[in-house]
Amino acid sequence: MAFSSSVYHQVDDKYRIRIPVKFKAALGNDFVFVAGDQPCISVYPRASWDERVENMMRKVRESGGDPVKLKAMRRILRSVEDEIKEDQQNRITISPTLREHMGLKKGDRELITFGADDHIEIWKVDKLDEYEGEMSVTAAYAEVGFFS
(Lines give C-alpha, C1' and ligand atoms only; values in the text may rest on other atoms or scores of the structure.)
Protein backbone atom coordinates (compact mmCIF):
# COMPACT_ATOMS: atom_id res chain seq x y z
CA MET A 1 0.00 0.00 0.00
CA ALA A 2 1.42 3.36 -1.01
CA PHE A 3 -0.15 6.51 0.38
CA SER A 4 0.08 9.66 -1.74
CA SER A 5 -1.53 13.06 -2.19
CA SER A 6 -2.44 15.65 0.45
CA VAL A 7 -5.46 17.14 2.19
CA TYR A 8 -5.73 20.38 4.16
CA HIS A 9 -8.06 20.20 7.16
CA GLN A 10 -8.53 21.57 10.67
CA VAL A 11 -8.22 20.57 14.30
CA ASP A 12 -10.95 21.76 16.71
CA ASP A 13 -10.61 23.40 20.15
CA LYS A 14 -10.53 19.99 21.84
CA TYR A 15 -7.67 18.80 19.59
CA ARG A 16 -9.94 16.47 17.61
CA ILE A 17 -9.43 15.64 13.97
CA ARG A 18 -10.86 13.31 11.38
CA ILE A 19 -8.63 11.25 9.15
CA PRO A 20 -9.36 12.49 5.61
CA VAL A 21 -11.63 10.04 3.79
CA LYS A 22 -9.11 9.40 1.00
CA PHE A 23 -6.69 7.95 3.60
CA LYS A 24 -9.14 6.37 6.01
CA ALA A 25 -10.16 3.51 3.72
CA ALA A 26 -6.54 2.48 3.12
CA LEU A 27 -5.68 2.70 6.85
CA GLY A 28 -8.59 0.48 7.81
CA ASN A 29 -10.08 0.46 11.29
CA ASP A 30 -6.93 -0.50 13.20
CA PHE A 31 -4.21 2.12 12.95
CA VAL A 32 -1.73 3.82 15.22
CA PHE A 33 -0.48 7.38 15.71
CA VAL A 34 3.25 7.63 16.44
CA ALA A 35 5.59 10.54 16.98
CA GLY A 36 7.29 11.03 13.64
CA ASP A 37 11.01 11.50 13.19
CA GLN A 38 10.19 15.14 12.40
CA PRO A 39 7.67 17.43 14.18
CA CYS A 40 4.64 15.54 12.89
CA ILE A 41 2.41 12.57 13.63
CA SER A 42 2.97 9.47 11.52
CA VAL A 43 -0.06 7.24 11.08
CA TYR A 44 0.41 3.57 10.19
CA PRO A 45 -1.97 0.69 9.72
CA ARG A 46 -1.48 -1.32 12.95
CA ALA A 47 -0.13 -4.42 11.21
CA SER A 48 2.34 -2.32 9.21
CA TRP A 49 3.63 -0.53 12.33
CA ASP A 50 4.01 -3.79 14.28
CA GLU A 51 5.90 -5.33 11.37
CA ARG A 52 8.13 -2.26 11.12
CA VAL A 53 9.02 -2.38 14.83
CA GLU A 54 9.75 -6.11 14.68
CA ASN A 55 11.94 -5.68 11.57
CA MET A 56 13.96 -2.98 13.34
CA MET A 57 14.36 -5.17 16.40
CA ARG A 58 15.40 -8.15 14.27
CA LYS A 59 18.09 -6.09 12.52
CA VAL A 60 19.51 -4.99 15.87
CA ARG A 61 19.50 -8.57 17.21
CA GLU A 62 21.14 -9.94 14.05
CA SER A 63 23.88 -7.32 14.23
CA GLY A 64 24.79 -8.54 17.71
CA GLY A 65 23.14 -5.58 19.38
CA ASP A 66 23.34 -5.10 23.11
CA PRO A 67 20.27 -6.74 24.78
CA VAL A 68 19.88 -3.81 27.18
CA LYS A 69 19.91 -1.36 24.28
CA LEU A 70 17.46 -3.58 22.38
CA LYS A 71 15.00 -3.47 25.30
CA ALA A 72 15.40 0.29 25.56
CA MET A 73 14.76 0.71 21.82
CA ARG A 74 11.63 -1.45 21.95
CA ARG A 75 10.37 0.52 24.95
CA ILE A 76 11.00 3.83 23.20
CA LEU A 77 9.42 2.72 19.93
CA ARG A 78 6.34 1.44 21.71
CA SER A 79 6.12 4.49 23.98
CA VAL A 80 5.70 6.91 21.05
CA GLU A 81 2.60 5.13 19.74
CA ASP A 82 -0.99 5.94 20.66
CA GLU A 83 -3.85 3.48 20.35
CA ILE A 84 -6.54 5.25 18.37
CA LYS A 85 -10.14 5.36 19.48
CA GLU A 86 -12.56 7.25 17.26
CA ASP A 87 -15.66 8.79 18.78
CA GLN A 88 -19.15 8.41 17.28
CA GLN A 89 -18.43 11.19 14.77
CA ASN A 90 -15.18 9.49 13.67
CA ARG A 91 -13.05 12.10 15.43
CA ILE A 92 -9.72 11.32 17.07
CA THR A 93 -8.31 13.34 19.95
CA ILE A 94 -4.61 14.05 19.56
CA SER A 95 -2.85 13.13 22.82
CA PRO A 96 -0.91 15.75 24.81
CA THR A 97 2.36 13.95 24.05
CA LEU A 98 1.78 14.04 20.31
CA ARG A 99 0.51 17.64 20.45
CA GLU A 100 3.77 18.64 22.12
CA HIS A 101 5.81 16.65 19.59
CA MET A 102 4.22 18.42 16.63
CA GLY A 103 4.08 21.84 18.33
CA LEU A 104 0.26 21.99 18.31
CA LYS A 105 -1.06 24.67 20.69
CA LYS A 106 -4.44 26.12 21.67
CA GLY A 107 -5.79 28.17 18.80
CA ASP A 108 -3.84 26.33 16.09
CA ARG A 109 -6.22 25.17 13.37
CA GLU A 110 -4.61 24.45 10.03
CA LEU A 111 -3.27 20.96 9.40
CA ILE A 112 -2.13 19.09 6.32
CA THR A 113 -2.20 15.32 6.00
CA PHE A 114 -0.27 13.72 3.20
CA GLY A 115 0.78 10.35 1.97
CA ALA A 116 4.34 9.29 2.74
CA ASP A 117 4.59 5.92 0.98
CA ASP A 118 3.74 3.32 3.67
CA HIS A 119 2.06 5.77 6.09
CA ILE A 120 0.51 9.21 6.30
CA GLU A 121 1.84 12.25 8.12
CA ILE A 122 -0.12 14.96 9.90
CA TRP A 123 1.61 18.35 10.18
CA LYS A 124 0.76 21.85 11.31
CA VAL A 125 0.83 23.77 8.04
CA ASP A 126 3.15 26.48 9.36
CA LYS A 127 5.52 23.90 10.90
CA LEU A 128 5.77 22.03 7.58
CA ASP A 129 6.46 25.29 5.73
CA GLU A 130 9.17 26.13 8.28
CA TYR A 131 10.67 22.64 8.11
CA GLU A 132 10.75 22.42 4.33
CA GLY A 133 12.22 25.90 3.98
CA GLU A 134 12.88 26.76 0.37
CA MET A 135 12.07 23.29 -1.00
CA SER A 136 9.40 23.34 -3.68
CA VAL A 137 8.12 20.82 -6.19
CA THR A 138 10.36 22.36 -8.83
CA ALA A 139 13.40 22.26 -6.52
CA ALA A 140 12.65 18.64 -5.54
CA TYR A 141 12.43 17.62 -9.22
CA ALA A 142 15.73 19.37 -9.95
CA GLU A 143 17.45 17.82 -6.91
CA VAL A 144 16.70 14.26 -8.02
CA GLY A 145 16.99 14.92 -11.77
CA PHE A 146 13.38 13.88 -12.30
CA PHE A 147 13.02 15.39 -15.76
CA SER A 148 16.63 14.87 -16.85
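Mentor: Buried means under 20% relative accessible area, exposed means over 50%, and partly exposed lies in between, with a 1.4 Å probe and protein chains only. This is a predicted model, in which local features need pLDDT of at least 70 and side-chain atom pairs count only at pLDDT 80 or more, while totals for chains, interfaces and linings use all residues. Residues are numbered from 1 along each chain as its sequence is written, and side-chain values use heavy atoms, without hydrogens or water.

Trainee: Why is Asn90 called partly exposed?

Mentor: Its relative accessibility is 44%, a value in the range between 20% and 50%, and therefore Asn90 counts as partly exposed.

Trainee: What is noted about the phi of Asn90?

Mentor: Phi of Asn90 is near 60°, a positive value in a residue other than glycine. Most residues other than glycine have a negative phi. Asn90 is placed in the loop between strand E5 (81-83) and strand E6 (92-93); helices (H or I, at least four residues) and strands (E, at least two) are DSSP runs numbered from the N terminus.

Trainee: Is Tyr15 buried or exposed?

Mentor: Tyr15 has 12% relative accessibility, which is under 20%, so Tyr15 counts as buried. Its phi is also positive, near 60°, and Tyr15 lies in the loop between strand E1 (6-10) and strand E2 (16-17).

Trainee: What makes the pairing of Arg46 and Asp50 a salt bridge?

Mentor: The term requires a side-chain nitrogen of Lys or Arg within 4 Å of a carboxyl oxygen of Asp or Glu. For Arg46 and Asp50 the N to O distance is 2.9 Å, so the pair meets the rule. Both belong to helix H2 (residues 46-62), and because they are 4 residues apart, about one helical turn separates them. Arg46 is buried at 10%, whereas Asp50 is partly exposed at 25%. Arg46, Asp50 and Glu81 are linked in a network of salt bridges.

Trainee: How do you know that Arg52 and Asp118 form a salt bridge?

Mentor: Their closest N and O atoms are 3.4 Å apart, which is within 4 Å, and therefore the pair qualifies. This pair links distant parts of the chain, 66 residues apart: Arg52 in helix H2 and Asp118 in the loop between strand E7 (110-115) and E8.

Trainee: How many salt bridges does this rule give?

Mentor: The count comes to 10.
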